[in-house]
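Please study the sequence and the structure shown below before reading further. The paragraphs that follow lead through them step by step.

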Amino acid sequence: MMERIVQGMAPADVVKRLQAADGYYITNTARDLSQSDFKNRILLHTDIMAAPSRERAGYFSLEITGGASVHVDILRKQVDPFLKLEILREKMPTTMFQTLCRGVNLFGYRPYPQNVIRFTVREFAKYVDVWRTFDFMNYVPNMQAVFEEVGKAGKINEPCICFSTGPEHTNEYYVSKVQEILDVTGSDIILCIKNHGGLGSPRRIGNLVDSIKQAYPDLPIHYHGHNTDGNDIGRITEAVKNGAVIVDAADASFTGFYGPPPILSVIQSLKELGFAAIGIDEEAVIETSEAIRDERQHYAPFESQIKGFQPTVQIHKLPGGAMGSSLEQAVKGGFLDKMPDILHKELPRVQKELGNYWSVTPGSQILWTTAVSHVLEGERYGNPSGDLRNLLLGKYGPFPFYRPEDWIFEKVFGENWKQILEDEGGVEDIEDMDIEQERTTLQERIGSQPTDQQLVLYLQHPNDAVNFFKFTEEFGHVYVLPPSIFLRQGGFEPGETLTFTDHDGKEHMLEAGPSIVNDDGETSVYLEVDHYQRQYTFQPDLVEGATARPATISKEEIKILATSGDIRAPFAGNICEISVKAGQEVKAGDRVAVMEAMKMQTPLTTEIDGIVIGIAVKVGDALQPGDQVLKINKDE
Amino acid sequence: MKKKILVANRGEIAIRIIRAIQELNYEAVAVYETPDKESRHIRLANEAVWLGAGPRCDYLNIEKVIKAAKRSGACAVHPGYGFLAENPDFARACEEAGLIFIGPSSEVITNLGNKVIARRIMAEAGIPMVPGTQNLSPGQAGVNEALAFAAQYNYPIMLKATSGGGGRGIRRIDSDEQMRAEIPMARAEAKAAFNDDSVYLEKLVINPKHVEVQIMADREGNTVHLGTRDCSIQRRNQKLIEIAPSMLGDQALLDTICETAVKAAKAANYFNAGTVEFLLDKDYNYYFMEINTRIQVEHTVTEIVTGIDLVRTQIKLALGKLLAFTQKDVQLRGHAIEMRINAEDPQNNFMPEGGKKVTVYRSPGGYGVRLDGFVYQGYTIPKVYDSLLVKMTVHGFSWNETVDRLRRCLQNFVIAGPKTTIPFYLNIVKDPDFIKGDFNTSYLDTHPHLFEYEEDTDEANKLSKLIAEIHYRGKNPYAA
């Protein structure tokens, strides 16, 4: 058995070992599994349960952070992404940790300033050994800052070429992309073929790997795929046969439809073909699945509403990581019946119209929201999101193959589109942020000196990070709670015993008691906490949030109000920027605020010249359609 | 047939009296209003009479209470404290109905209940008193009298309703302007509250100690005192903690105060149990304040240190017995502290927690602990009555031992459901000034740290709070 690659090895030594490998290595893609098939909800508690056997299983790496998980960690799992890595590192001292980084977009959805990118990478690189970095436009300069910081930290760069299909997506194109990357990074890297949609046939993938290997025989290739069409093992097999040395898969008992395929199935398929999984202890692989199998039932609410593989991914090309959330939006938005139109007709059409770039974050969200709005509203490109405008302006990078046709620009920007493109077009040069000023602001908001790690989280997601810090202050380290408690639906059975070990290692036992409505309508919940009865009181008015409120005015009415300077929220979302101050003079077309929904930002503009006389909201407010944002008095 | 005595009260004091009646081998008749239908005092009594739907009107309805006593065949009525206890009309109605009123005569209650008459009696007997006025004359004349008094004694001055008491109907005046403004308001308030708009003034003694003397007198005028109590720890003039004997340390002074109390009682022609209240200024000058003509909440501390059952004695004296002990038989032994465990939130201005169900009630036990309460696990505290749940009285040979025991008992006391004063008291028993016995009526205002406590600080309780919310909402709102 060939030797394992373990945490702490120098990147050059890792590359050497990969070059000499007689067989292939496996990355356990736990994070991508969680994101693709469980809406990113798999808790640290479950990863801790899996840790001992995952450590023994002998993976090349465990992909356990990055992608959307950093945000979801603080927003929905209430776990510190750094603490998570620290705890897992302690339990898994030899396994390398891997992340997925969106280049200039880091772990978010739009570009960050260079100094924020570097600061963030430096902090995460203390725990993360392998940095898989991509850009959805395959625009190499967007990844450069990350490459440099990873290199400085002595960690392994794994730049991606994002893969898709279509006439433009030729071997020649991808081979030239690899050269572009190598020109920047030097040769001590691993190249990732990032097949986030699970696109192409096994033959196509084998063919691509072969072309790259022909051009760069010493370049270790890591094939990343998704099993959306049920055939990723076919692609993995062809990739390995043609020279890929690392492949992605996940623990069988949690595999679903849109994430990675089961590790053991990969091993079994390749073994017959004479390829050995280097360093892998098959028993430990099996043991991991058994260790966490019973936990899966508690994540049921977060599994895809629609069951079954989606071979039509070859048509709509949605990335596995976005399948679950897209279907959820369709269910919540009540347009599940429109999905065939959206997925099989409009999405491919929009994709072609917008340059056939790679459908992956944040580009996939732009394609998705554009297609959805086309189908739901009937008018194509009539109501462009802010991010679509930025895409067309080239803010994310140049279109890789061809620019969208003029009529789309005209539809989105109006008659003056050429001028606008000339004035505003091109990759955005984002000014550095005053990080020390942000540190002071954060200190004011949380009332104590923030750590560098807290500051990093704050710079990524300011409001969500502050909420998370306050949550932890109030509720403690909740990662210790198993999914059977943390994700419980419908409350606990009377007399049900709940046990957990807290952050300090102390065991606790709780017994659920009765819930009693008091005379004044409050509900008291009783729990026996370590045999000591505690009472928790809840006010009834908090039960139904603003979400239950129906929209009171129609879309047409919102448009009519806008002509009189009464700016209303056009859709449900959060205010992420207020661009004007009360008393400020504005001209028609000026941006007055920015709203965010489904991770997409949309500017609100004034239709009239006038003076802002009142602002009804503040940054972070959640609005329903028709809620007032601000009021402008017309110039007379 | 056994004698029957009606207990014209509710809550813990009703139970206290029922116990004494039953120990005397008599039968106790309880009364109740509808909101009290689950109260334990009803179940402990030998019989119970429903007075009406209440709240707080049938317990005060003299006619209904007298009728209940007559119908049930009671020969005597014990009024407890509060409600009708110091209402001379009730004492008179009992007398007229041929019922023994367990307490002083209606005439004594009338005299001592009227602050101005009481002051006059005490002045005549040479009892030291805080400088004060008679009832102020009506209208502008009264205001002029007030301003003249202020000119002589200086501010601050207390403006008091003649018929007030128990901390009600008192306001502090610091200037002539305020005096002019407040007199009409105080009159209107007193009129509404006590149906008597007369008011008078007293010089304010700043941050005094509140020391009171328990007295007991029989029909022949034999009058003894049962030592002092310190009731300085109060909030908004309501006592929270009472201690026997006073911690003054100057035994000669305490003896003098006790003798003065006996003298005051005799001057008032006092009968049965009563309390003579004094204020002590910072130089230990003492001033007569008032005589309470009832058994008091804090009587337990006196019972503990004297070994004399005050309620039993009250009943026996009322039924015609003479005092079975003399002054020299009254020996004080050790210290006693009583804490009123109220269903209140000290951190929210002692807001009452009525309406809440007591889901857990685990009381402390062991040596030197006495509990006078009426709630039980599963009992919902009525919103319409006061918030006292249980009085905890502890006894110790030394002061230190007593405080140690108090701390232990508070730590052992578990009441879940309503918020209580227990965590606040736990801070008090750990406060160095309290441990030294150094406190006056400003204690709560000058020790704000007593209000700083958290009930859910450790990790398990923080997590439990989330678990409770997950349970309540049927899902985790922070993982949605």
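Which residue in strand 3 of chain B is the bridge partner of B:Ala30? The partner is B:Ala48. This pair belongs to a predicted model, which scores ipTM 0.84 and pTM 0.70. For chain B, the mean pLDDT is 93, and 99% of the residues reach 70 or more.

Strand 2 (residues 27-33) and strand 3 of chain B run parallel and are joined by 5 bridges. They are part of an open sheet of 5 strands with parallel pairing, in the order 3-2-1-4-5. At its edges lie strand 3 (47-52) and strand 5 (100-101) of chain B, each of which pairs on one side only. Helix 1 (residues 11-23) of chain B packs on this sheet, where it touches strand 1 (4-7), strand 2 and strand 4 (76-78). The direction of helix 1 makes about 160 degrees with that of strand 2 of chain B.

The loop between helix 1 and strand 2 of chain B contains B:Asn25. Although B:Asn25 is not a glycine, it has a positive phi of about 65 degrees. Most residues other than glycine have a negative phi. B:Asn25 counts as exposed because 8 other C-beta atoms lie within 10 Å, and the cut-off for exposed is 12 or fewer. A second case is B:Asn195, in the loop between helix 8 (176-194) and strand 8 (199-203) of chain B. Its phi is positive, at about 60 degrees, although B:Asn195 is not a glycine. B:Asn195 is exposed, with 8 other C-beta atoms within 10 Å.

Chain B as a whole has 16 helices and 20 strands, and 48% of its 480 residues count as buried. One covered element is strand 13 (residues 286-292) of chain B, in which 6 of 7 residues are buried. Strand 13 pairs with strand 12 (residues 272-280) of chain B in the antiparallel sense over 6 bridges. Within this pairing, B:Phe278 has B:Phe288 as its bridge partner. The two strands form a hairpin with 5 residues between them, and B:Tyr284 in the turn has a positive phi of about 65 degrees.

Peptide bonds also deserve attention. Most peptide bonds are trans. The bond between B:Tyr155 and B:Pro156 is cis, with omega about -5 degrees; B:Pro156 lies in the loop between helix 7 (139-153) and strand 6 (157-165) of chain B. In chain A, the bond from A:Thr361 to A:Pro362 is cis, with omega near -5 degrees. A:Pro362 is placed in the loop between helix 15 (339-353) and helix 16 (363-377) of chain A.

Chain A also holds an open sheet of 4 strands, with antiparallel pairing in the order 9-10-11-12. Its edge strands are strand 9 (497-501) and strand 12 (532-538) of chain A. Strand 11 (residues 523-529) of chain A is joined to strand 12 by 7 bridges, and A:Ser524 stands opposite A:Thr537 in strand 12 of chain A.

Finally, how do the two chains meet? Helix 16 (residues 459-473) of chain B lies across strand 9, strand 10 (507-517), strand 11 and strand 12 of chain A, at about 135 degrees to strand 11. In total, 40 residues of chain A are in contact with 27 residues of chain B. The side of chain A that touches chain B has 18 nonpolar, 12 polar and 10 charged residues.

Note on methods
Residues numbered from 1 in each chain as written. Chains lettered and ligands numbered in written order. Predicted model: local features only at pLDDT ≥ 70, side-chain atom pairs only at ≥ 80, totals over all residues. Pairing = 2+ DSSP bridges. Contact = placed C-beta atoms within 7 Å. Axes fitted to C-alpha atoms, helices over the stretch in contact; angles between N-to-C directions. pLDDT = per-residue confidence, 0-100. Nonpolar A, V, L, I, M, F, W, Y, C, P; charged D, E, K, R; others polar. Buried ≥ 20, exposed ≤ 12 C-beta atoms within 10 Å, placed from the backbone.
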